[in-house]
Amino acid sequence: MAFNVLTTNAVDLQQLLEENKTTSARIVEEYFAQIDRHESALNALISPAPRDKVLKIAQARDEERQKGQTRGPLHGIPIILKDSFVTASELGMSTTAGSYAFIGAKASKNGAITQRLIDAGLIILGKANMTVFAGMKMTMMMPGWSAHGGQTLSPYVGKIEDNEKILGHSAPGGSSTGSAVAVAAGFSPLAMATETIGSIVTPSTRAGLYALKPTTGVQDTTGLYTMTEFFDSLGPMAKSAADVRVLSEILLGRLFNSVHLGSWEGLSLGFLDPKEWSMSPDFCTQFEGTAEQMVDEYEETVSALRDGGCPLKYPIYCKDPSVLPNTTLPIAYWDFKNVCIPKFIRSFDECAVTSVADIVRFNKENSEKALPAPFVEQNDLEGAMNTVEEKKHIDEMKQNLRRAARDILDDRFEKERINILAAPGDSPLCVHASAAGYPVATVPIGQLRYNGRPFGLCLVARADEEGTLLQFMEVYEKVAKPRPVPKFE
């Protein structure tokens with residue numbers, strides 16, 4: 001049975017499989033065909049999996065299903081992983097975090113999350129392009145660009161405008177851009193992403209997706225490139241709230257099918273003022289009508305939710321992230337140099353580099369490939385290499401930043417008696433969430449008339465309250481407009 005790769009979600013595909021209306025092998029071939037049609041224009045994939053291997057895996061999942069041996073609720077469903085997830089070399093994909101220095105690195109084992117997905121019966125179609133090292137290379141580098149993978153483009157917008165700012169309306173936004181573009185463009189129903197600050201939120205809202213960044217520190221990051229221990233978490237991107245919920249259950253090892261799923265019961269939202277919570281002009285130039293349209297549709301969404309029975313308050317006030325301690329960069333540099341790069345390198349049996357200093361040296365010696373114009377600098381890599389902070393001092397910075405962010409958010413949750421704080425996707429609310437280590441989710445709102453670029457909502461809850469966000473996402477989907485679908489020529 002044929003299906004539309006641009007609109008069909010994973011839960012729908014699972015139903016088709018259960019009813020024997022299709023097979024995993026046929027599903028995989030449909031996505032391969034869509035990749036063949038559009039990947040050359042979008043550059044979402046950095047390392048596609050060898051198709052003969054993928055088809056053999058799909059056939060094996062089909063055989064298991066015929067014997068009644070399904071591995072989980074997404075058995076035989078395709079997924080794309082950000083190039084930060086280590087895959088064993090035998091699967092035929094590289095893991096580079098977008099860096100030339102890791103091309104050719106060999107791993108005999110999958111990362112912990114990669115293995116968890118395989119054990120649950122998911123089929124990896126390839127690795128998504130990402131901002132090199134999730135942005136830890138140079139300041140003001142265009143998101144979705146890596147030396148190894150080139151520039152990923154939005155399926156809604158296409159070419160990035162000349163002299164575009166890094167979060168301008170034609171920019172795909174955030175380091176997990178390849179993952180978001182792959183799902184929106186119909187290359188896969190699901191993708192895995194990671195976020196330091198905004199790298200799930202921004203690309204998913206700009207691709208009209210539902211997504212979740214779970215509470216920091218609750219998942220095993222062995223065999224995963226992260227920029228920091230402090231801010232980073234990994235999570236799913238999908239076309240529906242149900243897909244995000246089911247994949248989150250696999251990732252977090254707990255079920256979210258509570259009695260309230262599908263109802264507003266127990267939820268209470270506070271919506272921030274979109275005129276105050278918007279993108280800084282330093283990051284995004286507004287054109288005639290763009291800012292106004294996003295405010296109008298945000299307010300229409302608030303009204304639709306209120307009319308649909310959602311308990312909410314609007315507008316509510318919250319201090320912006322400028323009041324937080326200015327310690328993001330020293331924490332990121334220290335974690336990257338002392339924790340995250342050493343841990344990533346240990347994932348490989350063979351690797352050309354052993355440290356941040358090695359990566360900096362490699363890039364200089366291979367500058368034509370590793371430092372091409374216009375991204376010829378590596379000032380952030382050098383900043384990390386040269387950091388000499390004491391661990392004790394960094395630990396104090398982390399405690400102070402986490403406490404400050406949690407104090408701000410908890411004050412709002414308690415005083416306003418809400419359990420979700422909402423703001424435009426194009427806002428700095430994700431900064432508070434990352435500093436607090438709290439879970440954050442996205443849902444789509446609409447598309448800019450200016451260029452078709454989608455925009456959405458960013459939602460934050462307290463630590464370990466993923467279930468609250470997932471509950472909201474599923475009820476939201478019923479009252480919201482359908483998510484925007486790219487119109488390919």
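Leaving aside neighbours within four places in sequence, which residues is Phe472 in contact with? In this predicted model, the list runs Trp264, Leu267, Leu269, Leu305, Cys310, Ile420 and Leu459.

Phe472 also turns up, with Leu122, Met192 and Leu459, among the residues with the most contacts inside the largest nonpolar core, which has 80 residues. Domain 1 (10–259) and domain 2 (269–326 + 403–479) both give residues to this core, so it lies between them. There's a second, separate core as well, with 35 residues, including Val86 and Ile345.

Now for the sheet. It's an open one of 11 strands with mixed pairing, in the order β1-β3-β2-β6-β8-β7-β12-β13-β11-β9-β10. β1 (45–48) and β10 (312–316) sit at the edges with a single partner strand each, so one side of each is left without a neighbour in the sheet. On average, neighbouring strands are turned by 25 degrees against each other, direction ignored.

| Helix | Strands touched or crossed | Angle |
|---|---|---|
| α7 (residues 241–252) | β2, β6, β7, β8 | about 145 degrees with β8 |

As for records, an unreviewed UniProt entry annotates residues 27–255 as "domain: Amidase". In the model, that span is 28% helix and 15% strand, and its end C-alpha atoms lie 26 Å apart.

Definitions and conventions
Residues numbered from 1 in each chain as written. Predicted model: local features only at pLDDT ≥ 70, side-chain atom pairs only at ≥ 80, totals over all residues. Heavy atoms only, no water. Core = buried A, V, L, I, M, F, W, Y, C linked by side-chain atoms within 4.5 Å. Buried < 20%, exposed > 50% of the residue type's maximum accessible area, 1.4 Å probe, protein only. Domains from an automatic or database assignment. Contact = heavy atoms within 4.5 Å. UniProt positions renumbered as here; feature names shortened; annotations may be inferred. Helix = DSSP H or I, 4+ residues; strand = E, 2+ residues; numbered from the N terminus. Pairing = 2+ DSSP bridges. Axes fitted to C-alpha atoms, helices over the stretch in contact; angles between N-to-C directions.
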